[in-house]
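These are my notebook entries on one model.

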Amino acid sequence: AQTSGASRHGGRCVRNAAGVEKAAMLSEEAVSPDVLSWIADLQEQNTLPSTSRDIAGSILTREFDSILYGPIVDYSFRNLETLSDCVKLTPRSGFRPNQYTDDKKLKSCSLRLSHNRLCEMTGLDQLIPALLVEPERLFWIDLSFNTFPSIDPVLLKLTRLQILNLHANQISELFEVDKLVSLNNLRNLTLHGNPMEQTKGYRSYVVEVIPQLKTLDYSLITKQDRSTAAVFKKFIKRKHVARRKYD
């Protein structure tokens, strides 16, 4: 259904649609710019009429509101060395208390594992179903400020992932980014603070490899960024061909 216009009061965006009102509530928490960007996209989408009768699987579906807008499951600053340690701990409680189902699963679509001592993602695909009532709906995961040396393919199982924070890790090879290309819903990615950031053409390479991105390192991807990335791609291709010719 199409919603009415929006008004702003005290920095809070108010709309008639219940889902957008809850999104505005979420923005009151101390969340990253990536999440606020996602909320803005949600607000824009909710002003448009539905183009499909079958919206049961959509993250905008009303019956999933309590899960979608549940508090962030926060395991940051817990000195975690392995992901399995999470099940032994209770996640931090923020502005809003954590919401649980009868079987002790958390109602949320976002997971924060930042500022720990994690060096591998082994077991992530088991951890998420153990924590969340609707694990397949996870749209944001924060793995920043750890010591991951690479991008684990386990992330590719998170097919609805829209926001991925990997900044401030130890990822050195730029080609690691190639692993994320199949995440079709990925819109916001952070990689700054990794050794790969020092590679010449870093931003252009990421923008070209993952064209579905809207922001990279909290910075909006502009038309100029995409034009530069296209030129960079041609340059790399010519350089590769020349190298093979003379090898």
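I call a residue buried under 20% relative accessible area, exposed over 50%, and partly exposed in between (1.4 Å probe, protein chains only). The model is predicted, so I took local features at pLDDT of at least 70 and side-chain atom pairs only at pLDDT 80 or more, while totals for chains, interfaces and linings use all residues. Residues are numbered from 1 along each chain as its sequence is written, and side-chain values use heavy atoms, with hydrogens and water left out.

**Entry 1: the sheet**

I took helices (H or I, at least four residues) and strands (E, at least two) as DSSP runs, numbered from the N terminus. Two strands pair if DSSP finds at least two bridges between them. I looked up the strand order and found an open sheet of seven strands, S3-S4-S5-S6-S7-S8-S9, with mixed pairing. Strand S3 (73–74) and strand S9 (219–220) are the edges, each pairing on one side only. I then checked S6 (residues 163–165) against S7 (residues 188–190): they are parallel and share three bridges. In this pair, Asn165 stands opposite Thr190.

**Entry 2: salt bridges**

I counted a salt bridge where a side-chain nitrogen of Lys or Arg is within 4 Å of a carboxyl oxygen of Asp or Glu. The search of the whole structure gave nine. One of them joins Arg112 to Asp74, with the closest N and O atoms 3.2 Å apart. This pair links distant parts of the chain, as Arg112 is in strand S4 (residues 110–112) and Asp74 in strand S3, 38 residues apart.

Is Arg112 buried or exposed? Arg112 is buried, because its relative accessible area is 15%. Asp74 also counts as buried, at 11%.

I noted two further salt bridges. Arg137 pairs with Glu134 at 3.9 Å between the closest N and O atoms, and both residues are buried. Lys88 counts as exposed because its relative accessibility is 65%.

**Entry 3: Asp142**

Asp142 is buried, with a relative accessible area of 8%. I took a polar contact as a pair of N or O atoms within 3.5 Å; within protein, one must be able to donate a hydrogen and the other to accept it, and residues adjacent in sequence count only if both atoms are side-chain atoms. The side chain of Asp142 makes such a contact with the side chain of Ser144, at 2.6 Å. For contact in general I used heavy atoms within 4.5 Å. Beyond neighbours within four places in sequence, Asp142 is in contact with Leu111, Arg112, Leu113, Ser114 and Asn165.

I looked up Leu166 in the loop between S6 and S7. Leu166 is buried, with a relative accessible area of 0%. Setting aside neighbours within four places in sequence, I found Leu166 in contact with residues including Met121, Leu143, Ser144, Ile151 and Thr190.

Last, I checked H5 (residues 202–209): six of its eight residues are buried, so the helix is largely enclosed by the rest of the structure. The buried residues are Tyr202, Ser204, Tyr205, Val206, Val207 and Val209.
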